[in-house]
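Q: Hey, can you walk me through this one? I'd like to start with the overall picture and then zoom in.

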Amino acid sequence: ELCNAVKNNPDEELSSYSIRGYNNLNNSQKKNNYINSFIDLFNKSSLSDGKDSTSVITSILHFNDSPKVEFSFDVAILAKNSDGDYCRLIHNKNYGIYDQWTWCQVPSSKDVRDKAIAIKENSLWGEVRAKYLDKKNMYLNRGDKNHPSFVVYVESINEIYRRYIK
């Protein structure tokens, strides 16, 4: 179960865990199971329950019952397609009278995990962080809504990997 995996292995990546029976659920049930797992996980902490957005589940940390956000993080639901690229589960809540659930492919993401490991092993993670911030700010300044954070992350990993390692 996701909650136990995270509690027992806080330094592990969430992508390596799954919820039993996950593949037998529809997309709405999958995302709801993850949200419920986060609610269970953070029930006794200062983190808020996971909030459903279009492509991620967001959790926010508040101190002393203050409305000020001290820290937040997003968790996306990812799957790999037959080509090995990651796809993000997207919830289009404004699709007529019905919710629409789609898998959105992240370009050039096939080996991103292995590339990130190689970058870290070569002590180049600071380069990725700097590139990510530059790219994210560039897209935000352009008003570009087609480059969500995970896509910017993949672009940054690929660029630093090509520049320094391969």
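A: Among contacts in the protein between residues at least 6 apart in sequence, 44% join residues at least 24 apart, where contact means heavy atoms within 4.5 Å. This is a predicted model, where local features need pLDDT of at least 70, side-chain atom pairs count only at pLDDT 80 or more, and totals for chains, interfaces and linings use all residues. Residues are numbered from 1 along each chain as its sequence is written, and side-chain values use heavy atoms, with hydrogens and water left out.

Q: OK, and how many helices and strands does the protein have?
A: There are 5 helices and 6 strands. Both are DSSP runs numbered from the N terminus: helices (H or I) have at least four residues and strands (E) at least two. In sequence order the pattern reads α-α-β-β-β-β-β-β-α-α-α.

Q: What share of the residues is buried?
A: Of 166 residues, 34% count as buried. Buried is under 20% relative accessible area, exposed is over 50%, and partly exposed is in between (1.4 Å probe, protein chains only).

Q: Let's zoom in. Is Lys131 buried or exposed?
A: Lys131 counts as buried, because its relative accessibility is 17%. You'll find Lys131 in helix H4, which covers residues 125-142.

Q: What does its side chain make a polar contact with?
A: The side chain of Glu159, at 2.9 Å. A polar contact is a pair of N or O atoms within 3.5 Å; within protein, one must be able to donate a hydrogen and the other to accept it, and residues adjacent in sequence count only if both atoms are side-chain atoms. Leaving out residues up to four places away in sequence, Lys131 touches Ser156, Glu159, Ile160 and Arg163.

Q: What about H3 and H5?
A: The axes of H3 (residues 112-121) and H5 (residues 149-164) come within 10 Å, crossing at roughly 55°. H3 and H5 are therefore oblique to each other. On the H3 side, Val112, Lys115, Ala116, Ala118 and Ile119 meet H5 residues including Tyr153, Ile157 and Tyr161. The residues of this contact split into 9 nonpolar, 1 polar and 1 charged.

Q: New topic: what's up with phi of Ser108?
A: Phi of Ser108 is near 55°, a positive value in a residue other than glycine. Most residues other than glycine have a negative phi. Ser108 sits in the loop between strand E6 (100-105) and H3, and it counts as exposed because its relative accessibility is 52%.

Q: And phi of Ser123?
A: Phi of Ser123 is also positive, near 55°. Ser123 is in the loop between H3 and H4 and counts as exposed, at 67% relative accessibility.

Notes: Axes are lines fitted to C-alpha atoms, for helices over the stretch in contact, and angles run from 0 to 180 degrees between N-to-C directions. Angles under 35 degrees count as roughly parallel, over 145 as roughly antiparallel, 65 to 115 as roughly perpendicular and the rest as oblique. Ala, Val, Leu, Ile, Met, Phe, Trp, Tyr, Cys and Pro count as nonpolar, Asp, Glu, Lys and Arg as charged, and the others, Gly among them, as polar.
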